[in-house]
Amino acid sequence: MSIKKEKYNVVDTFAGAGGFSLGFMLSGHYKIIGAIEQDQWAADTFAANHPETKVIVNDIRQVTDDVLKENFAGRVDVLLGGPPCQGFSQANKNAGDPKDPRNSLFIEFLRVARVLMPEVVIMENVPNIVKAKTQTGALVIDIVKEELSKLGYYVQHCILSATDYGVPQIRRRMVLIACKEKFEQVFPLATHTTEIQPTNLFAKQDLKPCPSLWDAISDLPDVEACEGAEEMEYTKEAENDFQRRIREGSQKVYNHTAMKHSKRMVERFKAIKWGESSADVPEELMPHKRNGNGELSKAAYDQNNRRMYPFKPCHTIAASFYANFLHPYKNRNFTPREGARIQTFPDWYVFKGRPTTPSHALLKKEGRLEDLHLCQYNQIGNAVPPLMAKAIAENIYQQLNK
């Protein structure tokens with residue numbers, strides 16, 4: 001039987017900037033005792049915001065069983081992780097099917113689970129992971145579940161929507177939960193909705209409306225392209241409950257630096273209406289070809305610089321969201337802080353490293369390894385929304401304490 005505790009200990013693998021851990025911490029029922037993250041800037045962010053946590057900055061493949069035991073053996077109740085899934089090609093292809101999760105970083109996550117044997121193991125990933133197959137046709141998710149079952153866990157997975165938990169963003173994630181005992185309610189019930197409240201007498205009436213993009217960011221200081229700073233004073237009062245909660249504990253606004261757009265790009269943005277993107281601007285405002293002597297490029301990407309509707313949830317904040325979206329009213333992309341608000345990071349959560357860096361391919365080519373890290377935008381876009389993580393955490397606590 002599980003042991004009921006006031007607080008459960010958590011270790012976060014592939015921890016990034018710490019959004020998953022933050023949700024557990026904010027629930028009030030967990031202590032984040034450890035994190036493993038190979039990127040230095042993301043690890044710096046995690047450490048700065050979780051000062052009491054042991055942060056191991058290393059490739060998880062280099063973190064031996066002995067190191068895991070030395071730091072965490074017998075102390076871990078919950079293991080978190082979102083192992084990268086791109087192609088399942090991290091391991092030596094000669095070892096077999098490169099798409100088999102046992103030949104990828106999934107096996108490292110399973111290894112940590114085997115060494116630490118926590119009460120609960122939680123893995124998150126992109127929704128399409130449930131469709132991914134190995135070269136032999138086996139479903140990747142089934143293999144992961146089978147491996148955890150062999151360790152003695154009851155395993156279930158589900159696709160969760162962030163808007164169901166008050167996150168002002170259309171974001172779906174696959175969440176897999178493995179527990180030593182069967183839970184009555186494995187996944188958290190929705191608390192919010194994007195739909196108009198139903199009038200049917202038999203429908204649920206207690207769901208709150210999910211905040212919109214503008215509900216999330218309207219109180220932030222006004223900054224135009226090329227403006228903003230890493231640290232600013234608030235210039236407006238909070239306008240709603242979401243903003244009041246997100247500002248709690250913070251005296252300033254951090255990471256609110258706008259992109260340095262050219263005048264021509266700002267003019268292009270002016271022509272883009274809500275719901276439109278760079279592909280919709282007049283021909284004369286199209287970008288110039290690289291090394292084209294002023295010749296216009298006709299290749300505008302439909303997914304770039306789409307202007308968001310203010311009174312709807314934002315589209316998914318991805319690692320490259322600095323180029324994905326336009327502010328609903330300003331002629332610029334989102335600042336890191338606006339992205340953090342949409343992800344539901346509180347304002348006191350400060351992101352380390354540079355706001356942006358050149359492409360990693362270019363940095364490698366030029367040998368600029370000191371900048372080969374996850375910038376603030378990457379860290380924010382890669383994170384699990386803390387309010388979504390908090391809902392998972394609170395439900396797990398309730399199940400453990402029945």
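Trainee: Which residues touch the most other members of the largest nonpolar core?

Mentor: In this predicted model, the largest nonpolar core has 34 residues, of which Phe24, Tyr30, Val120, Ile122, Ile177 and Ile396 touch the most other members. A nonpolar core is a set of buried Ala, Val, Leu, Ile, Met, Phe, Trp, Tyr and Cys residues joined through side-chain atoms within 4.5 Å, where buried means under 20% relative accessible area, exposed over 50% and partly exposed in between, with a 1.4 Å probe and protein chains only.

Trainee: And which element gives the most to this core?

Mentor: That is α13, with eight residues; helices (H or I, at least four residues) and strands (E, at least two) are DSSP runs, numbered from the N terminus.

Trainee: What is Ile396 in contact with, leaving aside its neighbours within four places in sequence?

Mentor: Ile396 then has contacts, meaning heavy atoms within 4.5 Å, with Tyr30, Val120, Ile122, Ile177, Phe183 and Val186.

Trainee: How are values and numbers set up here?

Mentor: Residues are numbered from 1 along each chain as its sequence is written, and side-chain values use heavy atoms, with hydrogens and water left out. Because this is a predicted model, local features need pLDDT of at least 70 and side-chain atom pairs count only at pLDDT 80 or more, while totals for chains, interfaces and linings use all residues.

Trainee: Switching topic, how many aromatic pairs does the structure hold?

Mentor: It holds 14 aromatic pairs, and rings of Phe, Tyr and Trp (its six-membered ring) pair if their centres lie within 6.5 Å, with planes under 30 degrees apart counting as stacked, over 60 as edge-to-face and the rest as tilted. In one of them, the ring centres of Tyr8 and Tyr397 are 6.0 Å apart and the planes are at 75 degrees, so this pair is edge-to-face.

Trainee: Where do Tyr8 and Tyr397 lie?

Mentor: Tyr8 is in strand β1 and Tyr397 in helix α13, so their pair ties together parts that are 389 residues apart in sequence.

Trainee: What about Cys158, buried or partly exposed?

Mentor: Cys158 counts as partly exposed, because its relative accessibility is 27%, whereas Cys210 is buried, with a relative accessible area of 13%.
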